[in-house]
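Me: I have a structure open and want to go through it piece by piece. Can you take my questions as they come?

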Amino acid sequence: MAQSVTNTPASQVNRVKFLVGGLIILAVVIWLIISSTQASAQYFLTVEELNAKGSEVAGRSLRVSGAVIGDTIQYDPQTLTLTFQVAHVPGDNKEIEAQGGLAEVLHTAVVDSNRPRLNVVYNGVKPDLLRNEAQAIMTGQLGEDGVFHADELLLKCPTKYEEAVPEQVEGSS
Amino acid sequence: MVANLGFGALVIAFLIALYGIVAAVVGVLRKIPAWVDSARNAMLLTFPLLTLSALSLIYLLVEGHYEVEYVASVTSNSMPLYLKITALWGGQAGSLVFWTWLMSAFASAVTLRRWDRDREFLPWVIVVAMVTLAFFLGLVLFVENPFARIWQLPQGQAVQAMFQPSGSVLFMQPDGRGLNPLLRHPGMVIHPPLLYLGFVSFVMPYAFAIASLVTGRVDDRWIRLTRRWTLVAWLFLSLGLLLGGRWAYDVLGWGGYWGWDPVEIAAFMPWLTGTAFLHSVMIQEKQGMLKHWNMVLVILTYDLVIFGTFLTRSGVLSSVHAFAQSAIGPLFFGFIGLTFVISLALLLHRWNELKAETQMSSMLSREALFLLNNLLFMGILVVCFWGVIFPLISELVSGQKVTVGPPFYERATAPLFAGLLLLMGIAPLAAWGRSSIQTLGRAAWKPALGTPLAVGGLFLAGVRQPAALIGFGLVAFTATVTLYEFWRGALARHRRAGEGLPLALWRLASRNRRRYGGYIIHLGVILMAIGIIGIEVFQTETQGTIAQGEQIKLGSYTIGYDSLAVFDTKDGRNVARAVVSVYKNGRYVGELHPRRDYYYESQQPMTIPGVRSTWEDDFYVLLVDWQPVSTEGATFKVYHNPLVNWLWIGGLVFILGTLVAAWPEGEHDLAVVHVRRRGYSTVEA
């Protein structure tokens, strides 16, 4: 950023000084980005991929997306324990479009009993948008019991609304 | 009829925008002023046309013309009038119309100013504004038409089209699907238009920057002309972000205000470059440095604004905000790419003319510290950008989609924000040109004494979290330095002119609005930092199911469950409302009414917290579940958010400071002084 007008030795020393300063800041930012990415990267998997990997990914921070099966939603307000099942939906946007859009994909996923499914347990307040054929994006770990322990639950209901609606629930931990 | 009228106005506005671009370019190249005047008239004509179009859409929304698909998708009979009107920006197509309307309003306002001294900028400002306008109008016309109606074909299928397919009849729906209940909140009603106001007004400084590059008049005239615009744009953007946070806090029911969601980040990124820009233009004005850098910043801000508009309205990233899936993605990326490349090419073309006039000599000079501030803002921008695109990159590289969540952003940006907080304290003390550790130390030692006192006091009071001690230490340092600046300035006036201290303080601030407005903004940021540290470090929560008469305890607070009522409202809600008594240290302090509204129409419940708000903390109670008949009781989730109100109070101070800085003052005097110092003569056309 510091351009020199004249090229006296003093101004060159200055230039080097500022260059070094800038590089140090650049290095700090890059280091912050790399280390933070490593510390908090979450693998985004579909239910199918998760079932295929199984214990291989147990204990790792994961993000899984699936279609909520309404009949399986159970909530115990005493312990604030929420359990439900999600059915596999494709992770790729193009694939979803090809199959007729998200609403259609979610609907088929729930109706089709042959789809791979995943049991989810979450501890906290029951989200307002949790219902049949909603898309759930869950962050958490796969337990040894094959149940997904979600720390964070994100829900979308594309059938109903086009506009921007955030609905997020922070983990209770 | 009205739909045709609105659509027709859009078509004409689009054609006029295209004509205006051609007329302005021809006028400049052939040197025919009449053509430029014609382009200017075209610009002015777009505003009434788009006003007509927007009013038509509002009419359709208010009157419930559900044969128009957009109207059916965002309104319903049971919605109150103000929500029907604001449904204009409730969906993608409508918000694009709203965007173009604002754009034409701002561009017209700029066109109407006196151009005597800056005649050569006019055609290019018109070109940039019209190209942007034409792009959005094209999107509205060809991809996202809000006036498209639903027609029933003879075979019975319903199709969406603007004009009647042969043999079809209008498909009338009895009622619309209604605006999402989550959006029916005053914060949500005004938060999107404020963001859009911010977005759109940032187009103007960019237009002037491009005009300056094209015409080769690359002195800092464009910066002076747009300084107030930029501040106002920045104010709207800041307000939009703040209100978005407030809305999340009130409505989303998890006691938070910012979730590092891609859409929040999309609105935050132009704010970051805009803030950096506001700081670094001062260096160009005072020292004639960083000219290339300011151009880069304004170009980046413009393209981030377009990117932000796109992200908030498409489904490109897995965001909780972005519900809309539509075909506008490639068009947006094409436009962003094109404008970015053309702008950079222009900048390179003028590169040598933008050489710095003086040279940065000292690492501790004010300009060097401002540069550092810019680098930190850019660092935060890079972190944000990386976080947003990382899933796409990882998928391209490894085929595996990997995302990063809030912990990534918090971890990576916290040191950068801390650095900014520290700089906010140091930079105002540093001198322009040359500054050394000694001169800086002499200026800083007195106010800096407050820092060890504050940190020591907190430590003795039992605060042990390092993040809180560092954070509050920085806050104390910057706050005392900033207040000391006010005190020093007022005291000097008091001694010199014999003014009373309050009067001296008032005159000091009103005579140097930009400087002291800036300091007031800094004080606002400091207060906000107090709130953020409070809720991030000290938030506690608990939950429990209790019968009537029983209690839940959290820290010094206790709530008792008194009663619960379930009833229907006229606007189609079923409300479950609990009454809880709140005790602090065993003393009764009032009651709260957390509730759950169930919207029959959209079958969606909405949890509304009961909040007891004080200077010291917020006590936030959510009704999670209940047993209406038996005496089993109800489940509550309870949050204690210390200091969080300072976030909102700081926001108000921040806005006040921006208003002070943007308030008109004797700008002409400034310009005259400047002309004498630099010795350039303005070019008259």
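Me: How many bridges join β5(B) to strand β14 of chain B, and which way do they run?
Reply: β5(B) and β14(B), the latter covering residues 634–642, are joined by seven bridges and run antiparallel. This is a predicted model, so read everything here as computed from it.

Me: Which residue is the bridge partner of Ile546(B) in β14(B)?
Reply: Ile546(B) has Ala634(B) as its bridge partner in β14(B).

Me: What is the strand order of the open sheet of four strands in chain B?
Reply: The order is β5-β14-β13-β12, with antiparallel pairing. At the edges stand β5 (540–546) and β12 (610–613) of chain B; each has a single partner strand, so one side of each is left without a neighbour in the sheet. From one strand to the next, the twist averages 15 degrees.

Me: And the open sheet of three strands in chain B, what order does that have?
Reply: That one goes β2-β1-β3, again with antiparallel pairing. Its edge strands are β2 (158–161) and β3 (169–170) of chain B, each pairing on one side only.

Me: How many bridges join β1 to β3(B)?
Reply: Two bridges, with strand β1 (residues 149–152) of chain B running antiparallel to β3(B). Gln152(B) has Val169(B) as its bridge partner in β3(B).

Me: There is a hairpin of β6(B) and β7(B). How many residues sit between the strands?
Reply: Two residues lie between them, and Gly555(B) in this hairpin takes a positive phi near 60 degrees. The strands themselves, β6 (residues 551–554) and β7 (residues 557–568) of chain B, pair in the antiparallel sense over four bridges. Within that pairing, Gln551(B) is the bridge partner of Gly560(B) in β7(B).

Me: Switching to helices. At what angle do α2 and α6 of chain B pack?
Reply: The angle between helix α2 (residues 33–63) and helix α6 (residues 122–142) of chain B is about 40 degrees, and their axes are 10 Å apart. That makes α2(B) oblique to α6(B). Their crossing is left-handed.

Me: Which residues make the contact?
Reply: From α2(B), Val36(B), Ala39(B), Arg40(B), Met43(B) and Thr46(B); from α6(B), Leu122(B), Pro123(B), Ile126(B), Ala129(B), Met130(B) and Leu133(B). By class, this contact of α2(B) with α6(B) has nine nonpolar, one polar and one charged residues.

Me: Thr46(B) is in that list. Is Thr46(B) buried or exposed?
Reply: Buried, because 28 other C-beta atoms are within 10 Å of Thr46(B), and 20 or more is enough to count as buried.

Me: What is Thr46(B) in contact with, leaving aside its neighbours within four places in sequence?
Reply: Ala13(B), Ile16(B), Ala17(B), Ser104(B) and Leu133(B). As for Gly90(B), Thr46(B) is 44 residues from it in sequence and 23 Å from it in space, C-alpha to C-alpha.

Me: What about α1(B) and α6(B), how do they pack?
Reply: Helix α1 (residues 2–29) of chain B packs with α6(B) at an angle of about 155 degrees, with the axes 9 Å apart. That makes α1(B) roughly antiparallel to α6(B). This crossing, of α1(B) and α6(B), is left-handed.

Me: Which residues are in that contact?
Reply: Among them are Leu10(B), Phe14(B) and Val28(B) of α1(B), and Pro123(B), Met130(B) and Leu141(B) of α6(B). The residues of the contact of α1(B) with α6(B) divide into 20 nonpolar, three polar and no charged.

Me: On to chain A. What are its elements?
Reply: Four helices and seven strands. From the N terminus on, they run α-β-α-β-β-α-α-β-β-β-β. Of the 173 residues in chain A, 40% are buried.

Me: Why is β6 of chain A called largely enclosed?
Reply: Seven of the nine residues of strand β6 (residues 148–156) of chain A are buried, so the rest of the structure largely encloses it.

Me: Which way do β4 and β6(A) run?
Reply: Parallel, with three bridges joining strand β4 (residues 117–123) of chain A to β6(A). The bridge partner of Val121(A) in β6(A) is His149(A).

Me: And how many bridges join β5 of chain A to β6(A)?
Reply: Eight, and strand β5 (residues 135–142) of chain A runs antiparallel to β6(A). Thr139(A) stands opposite Glu152(A) in β6(A). The hairpin of β5(A) and β6(A) has five residues between the strands, and Gly146(A) takes a positive phi near 80 degrees there.

Definitions and conventions:
Residues numbered from 1 in each chain as written. Chains lettered and ligands numbered in written order. Predicted model: local features only at pLDDT ≥ 70, side-chain atom pairs only at ≥ 80, totals over all residues. Pairing = 2+ DSSP bridges. Axes fitted to C-alpha atoms, helices over the stretch in contact; angles between N-to-C directions. Parallel < 35°, antiparallel > 145°, perpendicular 65-115°, else oblique. Left-handed = near helix turned anticlockwise from the far one by under 90°. Contact = placed C-beta atoms within 7 Å. Nonpolar A, V, L, I, M, F, W, Y, C, P; charged D, E, K, R; others polar. Buried ≥ 20, exposed ≤ 12 C-beta atoms within 10 Å, placed from the backbone.
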